[in-house]
Structure formats: C-alpha cells, structure tokens
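The points are grouped by topic.

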Amino acid sequence: MADKIFKARLEPSGREFTLEPGATVLDCALRQRILLRYGCRNGRCSSCKYLLIDGEADFGKTSPYCLSDNEKDEGWALLCQARARSDLVIRDQDFSRRDDAPLIVPKERLARVAASERLNASLWRIELDLRDSISFHAGQYIEVEIPGKKNQWRCYSIASPPDRQSQIELVVKRLPGGGFSGQIDRLLPGLELAINGPYGINYLRAGNRPVLLIATGSGIAPLMSILRSSASKSVDREFHLYYGARTRSDLIFADELQRLEAQMPRFTFRPTLSAPLAGDEWRGAQGRVTQLAQREVIDASPYDAYICGRPEMCEAVSMLLLAKGIPEERIFRDDFFPAA
Ligand SMILES: Cc1cc2nc3c(=O)[nH]c(=O)nc-3n(C[C@H](O)[C@H](O)[C@H](O)COP(=O)(O)OP(=O)(O)OC[C@H]3O[C@@H](n4cnc5c(N)ncnc54)[C@H](O)[C@@H]3O)c2cc1C
Ligand code: FES
C-alpha cells in the first residue's frame, strides 16, 4: 500500500493528477502544474483545506485549530499534510480565480551564502548565490533547509525582483531558539544551503487596478520584490505602501523606498511607528499600521491588496479592508506563521 501510486481528480473541473507514494497531495499537484490554494505548507494556516468527496487519506500532522476532528470526519483535509491511501476526488470550486500566471514548478537546488548583513536588532539581509537560477513571481517565497537538520525547512519570502534569477535576497528575523534563524551568525559567505521553491500564490497579479501593500517587520520582504520589479519595468500602476514598525531602526529599506517613491510617479510610501524613540526625531505617522490604513483608506473597493507579516496583523488588516469594501478574492496575504 505504502508505495502504491494513486490518482486525484478535482471536481467540478475533472482535472486529474498522480499521487506519488509518500508525497503530500499538494506537492504532487504542484509538481504536475496543478495550482491549488495554499499558504504556509506547514499545516498552520488552513489555506489548503479542501473537502475529499471520495477516497481515504492519512491526514498528517495537523493542529486541532486548523483541522478539527469533526472536520476530518466530514472529509476535510489539509492538502499540504495529507497523503493518499486510495484514489481521491477533491472538491475544488474556486479553481478559475487562481490560474492567473503560469505555475513555476518548485524544485530543490543548492545555494551559497554570498553576503549577510545585519539591518537592525533582529533582522538580517541574506544574499544567496544559486547554482541553478530560479524563476519566480514577485511576492513568492522559498524554503531553506536548516543546516545540519535534514528535511527541516523554513519559509522565507524573496525580497529581490524576479529578473535577478541567480542571486536572491532574503530578510531573516532572528527568533530566540529559532532552528534556522538562531544560527544566523553562522550564515557566513560560502556556506552552502539547500533551498526549495518557488512557492506561494500571493504574487503580484497583472492588471491596472490600484494596489495596497501593507506590511510590518520582515513582511516587507515580498513587497520589496513587487516594488523593485515594478520600478525596473516602469509599471504604470498606483501602489500605496503602508509599512509599520516600532522604531526608526525597525523600518528597514526606508531609504530605498524613498528613492523608489521619487522614481515611481504613482507610488506612495506611508511608514508609521508604534513606539518611536526620542532620538528617532520622527515626524511621520504614529501608531499601528492598522490604524494608519483605517485613517487613510476610505474606500477599499477599487484595490488589490497584498498583506504580509504577523498573522494577527494580516487578519486585522483583512477585516478592515473587507469592511471598507474590498472583495475577498482581491486580498492576497502571506501570514508569516511559525514553522516550529
Ligand atoms: C509564506 C511564509 C513566508 C515567510 N517569510 C518570512 C520572511 O521573509 N522572513 C522571516 O523572517 N520570516 C518569514 N516567515 C516566517 C518564518 O518562516 C517562521 O518564523 C519560521 O518558523 C522561522 O524559523 P526559525 O527556525 O528561525 O524559528 P523556529 O525554530 O521555527 O521557531 C523558534 C521559536 O520562535 C517561534 N516563532 C517562529 N516564528 C515566529 C513568528 N513569526 N513570530 C513569533 N514567534 C515565532 C516559534 O513558535 C518557536 O517557539 C514566513 C512564513 C511563511 C509561512
Ligand atoms: S495549512 Fe496547508 S498550506 Fe498552510
């Protein structure tokens, strides 16, 4: 049974893909260029919750907050964790909304640390040289394997633009006891790392709609990729960035963002500090990013919104924008859920 190959069929589209032994349903789909809804790939965010209309699966590691026993009994599964025990029929009703850009098949490859720079008390900028270049959409992320820990991966958004395919930039927040970020001092130039990707469905969608970009902390990383690539391609589109931090030193990339604001006629950069220090001499907005968006976004209905950072912030901002009229399908959010 363990090494048997099964088949999955999506309903109502009728699209089929093969379920390889031992692999999660989501990984099998992505390898075969079938895009399903997902986020963290770690059983944490519930984005990949689908109803199994028929068939049996091993549910994998799931928390009761993301998938309750009742839901399992009804046939719901997190496809980033579930492995098939038989052929599966999966209900996939919102298929048409996602098929916007070509799916880039994720792949494992080797990278070498090219540079590591401390940006403030907790954030580092890491440049990785890739042996095999990587294609990705602005806003996607990769997984990095923890050095010395086989098969333990952590998600990091790509901050560099997609036209830089053989050197990518990440922003890493050091967490106390963090399996990966706790080793940040060891990520010296020359160190080899395994990476996997690209992943993520919250990349910049094409179109003319004005765009809201909202981030706190390291959540700025995927938004930098979006802004850097839009600037280099002279995209003629409205972008408004609301970026929250505690103090001036937490506002990473502020100088570059000011330069981009001067270069991009339809880009506005609106930083806000929740706890500025006296020495910051801050004359800009104060308070949380949610409060700034509450004050400044009067009608959210014309916008696409990209929201990245702590899950509580992503949830609060999403609720706010929904109340201000944005349709749910135009919110693209990467909640930075912990892996461990
Ligand atoms: C799609 C996606 C994109 C992401 N992009 C980035 C990024 O660009 N930069 C970045 O720094 N992080 C990013 N993250 C978050 C990052 O992957 C996790 O924080 C990860 O757990 C860090 O790994 P670690 O080994 O350093 O810490 P772990 O060993 O995973 O965790 C160590 C301790 O810190 C706690 N912890 C972990 N993450 C958080 C958190 N976010 N807030 C508070 N406590 C936490 C854990 O519960 C644990 O107690 C992203 C997450 C997702 C899902
Ligand atoms: S729970 Fe499966 S992608 Fe987040």
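Predicted model: local features only at pLDDT ≥ 70, side-chain atom pairs only at ≥ 80, totals over all residues.

- Strand β14 (residues 211-216) runs parallel to β18 and is joined to it by 5 bridges.
- Within this pairing, leucine 212 stands opposite alanine 305 in β18.

**Strands β15 and β16**

- Strand β15 (residues 239-245) and strand β16 (residues 267-273) run parallel and are joined by 7 bridges.
- Leucine 241 is found opposite phenylalanine 269 in β16.

**The five-stranded sheet**

- Another open sheet consists of 5 strands in the order β2-β1-β7-β3-β5, and its pairing is mixed.
- At the edges of this sheet stand β2 (16-19) and β5 (76-78); each has a single partner strand, so one side of each is left without a neighbour in the sheet.
- From one strand to the next, the twist averages 40 degrees.
- Strand β1 (residues 6-11) pairs with β2 in the antiparallel sense, over 4 bridges.
- Lysine 7 has threonine 18 of β2 standing opposite.

**Threonine 24**

- Threonine 24 is located in the loop between β2 and α1 (25-31).
- Its relative accessible area is 6%, and threonine 24 is therefore buried, since buried means under 20%.
- A polar atom of the threonine 24 side chain lies 3.1 Å from the backbone nitrogen of aspartate 27.

**Strands β9 and β12**

- Of the 7 residues of β12, 5 are buried, so this strand is largely enclosed by the rest of the structure.
- Strand β9 (residues 123-130) pairs with β12 in the antiparallel sense over 7 bridges.
- Isoleucine 126 has leucine 170 as its bridge partner in β12.

**Proline 176**

- Proline 176 is situated in the loop between β12 and β13 (192-199).
- Its relative accessibility is 81%, so proline 176 counts as exposed, for which the cut-off is over 50%.
- Proline 176 and cysteine 28 are 148 residues apart in sequence, and their C-alpha atoms are 34 Å apart in space.

**The surroundings of ligand 1**

- Ligand 1 is surrounded by 22 residues, of which the closest are Arg154, Cys155, Val171, Phe180 and Ser181.
- By class, this shell has 14 nonpolar, 5 polar and 3 charged residues.
- A backbone N or O atom of lysine 173 is 2.9 Å from an oxygen atom of ligand 1.
- A polar backbone atom of glycine 179 lies 2.8 Å from an oxygen atom of ligand 1.
- For phenylalanine 180, the distance from a backbone N or O atom to an oxygen atom of ligand 1 is 2.6 Å.
- On its own, ligand 1 has 920 Å² of accessible area, and the protein covers 81% of this area.
- The elements that give two or more residues to the shell around ligand 1 are β11 (153-157) and β12 (167-173).
- The largest share of the shell comes from β11, with 4 residues.

How values were computed: Residues numbered from 1 in each chain as written. Chains lettered and ligands numbered in written order. Heavy atoms only, no water. Pairing = 2+ DSSP bridges. Axes fitted to C-alpha atoms, helices over the stretch in contact; angles between N-to-C directions. Near = heavy atom within 4 Å. Polar contact = N/O pair within 3.5 Å; in protein donor to acceptor, adjacent residues only side chain to side chain. Areas by Shrake-Rupley, 256 points an atom, 1.4 Å probe, with all protein chains shown as cover. Nonpolar A, V, L, I, M, F, W, Y, C, P; charged D, E, K, R; others polar. Buried < 20%, exposed > 50% of the residue type's maximum accessible area, 1.4 Å probe, protein only.
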